[in-house]
Amino acid sequence: MSKLFSPFQLKNLELANRVVIPPMSQYSVGTDGLIGAWHQQHVGRMALSGAGLVIMEAHGVEAEGRISAHDLGMWNDDQAALLKSLLGTVREYSSTPIGIQLNHAGRKAGTNPPWVDAGHSMTDEQGGWPTVAPSAIPYKPGWRVPGILDEAGMARITQAFVDAALRAYAADVDFVELHAANGYLLSQFLSPLSNQRTDDFGGTPENRMRFPLQVARALRDAWPQDRPLGVRFNGSEFAPEGLALEEAVAFSSALHAIGYDYLHVSGGYNIYDQQAPAEQPGYMVNLAGAVKSANPDAVVIAVGLIYEGPQAEAIVQSGKTDLVAVGRGFLDDANWAIHAAIALGDKAPWPSPYDRFGPLGWPTHKVHAAAAD
Ligand code: FNR
């Protein structure tokens, strides 16, 4: 039996295996942050994929904190009611635990979807809105210049994270993930490049962590202990003078100390001309490994161009991480876990109605197994 497809206990959740589907924004709702037809099929598809855990995409904790006008939201009860209904339906056919990611996009709020105008920040005429950030530095030349977030704004946004998490709990999500990665608001505070404040919230690494940890603590205090609470953050910005790995590790240790149930290590997307080795398989696994070394008893998730079963198996065998997240691999092949398991001579959950015809009774498993040799 492979390690990748062996069960894993995440707090109260029993994962069928160590494969995670990471959050992937779909930019496919109307302007009110409500789940619609696309997410009903998308989430259902991911829940049938054989993965051990599904993390639904970034949900805006307030309307102004959405990445685009087409993001999911968790700032009102109607949004939570639709999520509860969706989860109730999915649970009729899948036991895969499903959580959501909570986000405030900061200076990267109010953009077009990636396939419109290359995801450029929206002008007022296009429906854009004023944004906030630690400093008045736009993400890219030509993008909207954010206003500087003051302490009253920080308090409001902290409360918005808490309120959104409580709504998500009432919607019966299995867990929540705090988004502190990929150049959104909390990640902007952590970075010495996007945070050039001279008050208590900028300058030293301790000061840059102050607001993200304030949010993280408030969320930890509010989120009930009976379900996991995770966090995603950058291990690197792939930019000279950007967030240092030691700073990211110190941040991860602080999060672990305040009781986060998993540490999900991502990277990049805070600096538009970053130089990430993004074509190198498993290019962020060593960042996760550094977090795991500093916090050996924490549950760590690695991500970043992990796309084949034997590769994912080698990564969990290396001890650098407990779980591996596979994003684009699942968009490419919604049965990724099932095929990866076959390539490893193992199995992942397969829906009973399909069972008479596969996966082992169908020739594709031989193709996958041959490709893995
Ligand atoms: C993403 N990613 C992402 N990350 C995140 O924390 N919240 C999000 O909402 C999104 N949205 C998103 C949408 C799409 C379409 C993609 C492809 C990616 C990043 C994602 O979770 C993952 O970290 C990267 O895709 C790298 O993993 P893979 O794809 O190399 O396995």
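## The ligand site

A polar atom in the side chain of R328 sits 2.5 Å from a ligand oxygen, a polar contact in the sense of two N or O atoms within 3.5 Å (within protein, one must be able to donate a hydrogen and the other to accept it, and residues adjacent in sequence count only if both atoms are side-chain atoms). This is a predicted model, where local features need pLDDT of at least 70 and side-chain atom pairs count only at pLDDT 80 or more, while totals for chains, interfaces and linings use all residues. Residues are numbered from 1 along each chain as its sequence is written, and side-chain values use heavy atoms, with hydrogens and water left out.

For G327 a backbone N or O atom is 2.7 Å away from one, and for H179 a side-chain N or O atom is 3.2 Å away. The ligand is surrounded by 15 residues, of which P23, S25, R232, L305 and R328 are the closest; to be counted, a residue needs a heavy atom within 4 Å of the molecule.

## Positive phi values

L305 also has a backbone feature to look at: its phi is positive, about 50 degrees, although it is not a glycine. L305 belongs to the loop between strand 12 (300-302) and helix 8 (309-317). Helices (H or I, at least four residues) and strands (E, at least two) are DSSP runs numbered from the N terminus. With a relative accessible area of 22%, L305 is partly exposed; buried means under 20%, exposed over 50%, and partly exposed in between, using a 1.4 Å probe and protein chains only.

K11, another residue other than glycine, has a positive phi near 55 degrees. You will find K11 in the loop between strand 1 (8-10) and strand 2 (13-15), partly exposed at 31% relative accessible area.

Setting aside residues up to four places away in sequence, N17 touches several residues, including L4, F5, A348 and P349, where contact means heavy atoms within 4.5 Å.

R208, in helix 5, is buried too, at 5% relative accessible area. Its side chain makes a polar contact with the side chain of E247 at 2.8 Å, and a polar atom of the R208 side chain lies 2.8 Å from the backbone oxygen of L190.

Helix 10 (residues 336-343) is largely enclosed by the rest of the structure, because seven of its eight residues are buried. W336, H339 and I342 are among the buried ones. After helix 10 comes G345, with a positive phi near 70 degrees.
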